Amino acid sequence: MSNKKLTTLACTAAFAMMSAGAQAQISGNVVKIGVLTDLSGTYSDLSGSGAVLATQMAIDDFIAKEKPGFKIEMVSADHQNKADIASTKAREWFDREGVDTATELVTTSVALAVMKVAKEKDKIALMSGPASTPITNEECNDVTVHYTYDTYALANGTAKAVTQQGGKTWFFLTADYAFGQSLEAQSSAVVTANGGKVLGSVRHPFPGSDFSSFLLKAQASGAQVIGLANAGADTANSIKQAAEFGITPKQSLAGLLMFITDVHSLGLKPTQGMYLTTGFYWDRNEETRAWSKRFFAKQKKMPTMVQAGQYSSVYHYLLAVKAAGTDDTKKVMAMMKKTPINDFFAKNGRIREDGRMIHDMYLVQVKKPSESQYPWDYYTVKATIPADEAFQPLSQSKCPLVKK
Amino acid sequence: MSEIFGIPTALLGSQLLVGLINGSFYAILSLGLAIIFGLLNIINFAHGAQYMMGAFVAWIGLTKFGINYWVSLLLAPILVGAVGVVLERTLLSRLYKLDHLYGLLLTFGLALIIEGVFRDQYGISGLSYDVPDALAGGVNLGFMFMPIYRGWVVVAALAVCFGTWFMIERTKLGAYLRAGTENPQIVQALGINVPLLITFTYGYGVALAAFAGVLAAPVFQVNPLMGSNLIIVVFAVVVIGGMGSILGSIVTGIGLGLIEGLTKVFYPEGSSVVVFVIMVIVLLVRPAGLFGKA
């Protein structure tokens, strides 16, 4: 072998090693974010294309402000609220397409499936969409962040406020799957803890369309409050039909998971006076309004808490990648947990060791039609629930990562 | 309070009434399907989408053009029926010589496209359509508060179902239709325009779906997927009643509505599957359906 040839080989090897070294920092110098969401089903208004838009906004804002030395790409897919489709897609993204984090993940069954795939492939799952608490309890792992809200926070906000204001007897109308049952159980506990009583519950198939039979049962129970432990179109139809059968306003309804898109779709007439708990309201202050108006300009709808949370979580993730100088899962997770979150969505938010992001939640009341001054002027913020009270305390955690 | 099997009779009565209301929707939808299948041999999977279109035409009419409910009740079936006629002439008519499966696939594809377009335009959360003023409010029946509108749904649905049955079984036009399905060549030879009859029939079946859609608009949120949630149950109704049987689809629709209502009292979790359990039993015992000819 000639010297020249040897030199060439040595140089090639050296370059190869250098680039391998660079890859250990940020693989391929590209951070790839996957938005795995419901683009066509029941939850596509509250997350869906709005969540994809929020992700794109987060990426654009991050590039403009932070001028990172790496490229950022986004891919999105429709999981159709099916756990098997979601985990297959996540696997494909992680294995073949170099995706660093799967985000959004609305629907509990999807979330639980994808967080297991993420753990297996050592990638990050950022959850702004799903609601159930097992994500950061029994099922918790060290690659998952549960960002926007959960059933504990919802029950704790709405059920507590309504019970304390005199709604002492409750009957639950519950969507018959993991999420509905978890929401019912947690709300029941809150009602009982605040001196109320649960008279009964009825579980309806998911998704349903006619709730009149179930509502008549609730009516016959004589409970002061009918707790709606369901979501999306099911909640909307329940509220509409309760009014039709003269159940409201004699008995009052408590929407345990309602999004601003539900209120928008029903209008203020059947929803006025209802209490609900949310992680975000667009019209809360200057900062939230400014961001939401940018969102509205593109989507023609105000953002839900899921969409706002999606932006915030992606931005926080990108900041952590930049600060850590790598997309290595362990290092990025450590940086995300170390850094407090301060943006329009959360003030002094932080990610606990169980993966729960804790931030202030808001108890709001739906306005009367006469009080609403302009489009999407729907809520009066009644109380801010401080981060430490809003979410399940670590002392009650069932997550093995929590050291007690 | 008196009780039957531990359930207060008042609650039972109200659940039966609610079952009757839902049964009316099943009846009118399965009737449309049965007519189309009976005369065209097409399994119309787009029926749910056409029902949804009826509701949307009513909503768009009211919010964009100020067309009231009563006009919509007439206008929506005509408009959606006309869309059906165009579909039949341009697409479905090419499939009559082929296996049933092709018609099923085509209409299923159409349903997905139609729903996709509406979802893209109007989102998924649904839109509210208020109950018309003349039918607002309700009456107290002693055992329950009965919304007047729901009573109207039952009356309107039964009237249309009976009218349709009468037209097909008791009029000359109906006789042509029935003869056309038995032996199209001979009927054609007798000077009757069979292709026109078939087109009319499809249009009418679609119009029935749209009519049900307008009836449903004030009861349910108007939503692009409202039809796909319902259509599977309606297919089961048609199968139980006997494919193509007019009277069978009406009676079965109402009967299953009642049974579903009772299931919601005794075992709510099973209310979404009870129809299918019955379907399995009927298929095992009478494969042609309760009213079908084997």
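Predicted model: local features only at pLDDT ≥ 70, side-chain atom pairs only at ≥ 80, totals over all residues.
Residues are numbered from 1 along each chain as its sequence is written, and chains are lettered from A in the order in which they are written. Local features need pLDDT of at least 70, side-chain atom pairs count only at pLDDT 80 or more, and totals for chains, interfaces and linings use all residues, while side-chain values use heavy atoms, without hydrogens and water.

**View 1. The interface of chain B and chain A.** Chain B gives 32 residues to the contact and chain A gives 31 (contact: heavy atoms within 4.5 Å). About 2600 Å² is buried between them, 52% of it from carbon and sulfur atoms. Buried area is the accessible area (1.4 Å probe) lost by two parts on being put together, summed over both. In chain B, Ile124(B), Ser125(B) and Gln221(B) lose the most area to chain A, together 19% of what that side buries.

**View 2. A salt bridge between Arg150(B) and Glu244(A).** These two side chains meet at 2.8 Å, N to O. Three salt bridges are counted between chain B and chain A (a Lys or Arg side-chain nitrogen within 4 Å of an Asp or Glu carboxyl oxygen).

**View 3. The side of chain B that touches chain A.** Helix 1 (9-40), strand 4 (145-147) and helix 10 (246-266) of chain B each give two or more residues. Helices (H or I, at least four residues) and strands (E, at least two) are DSSP runs, numbered from the N terminus. Helix 1 of chain B gives the largest share, five residues.
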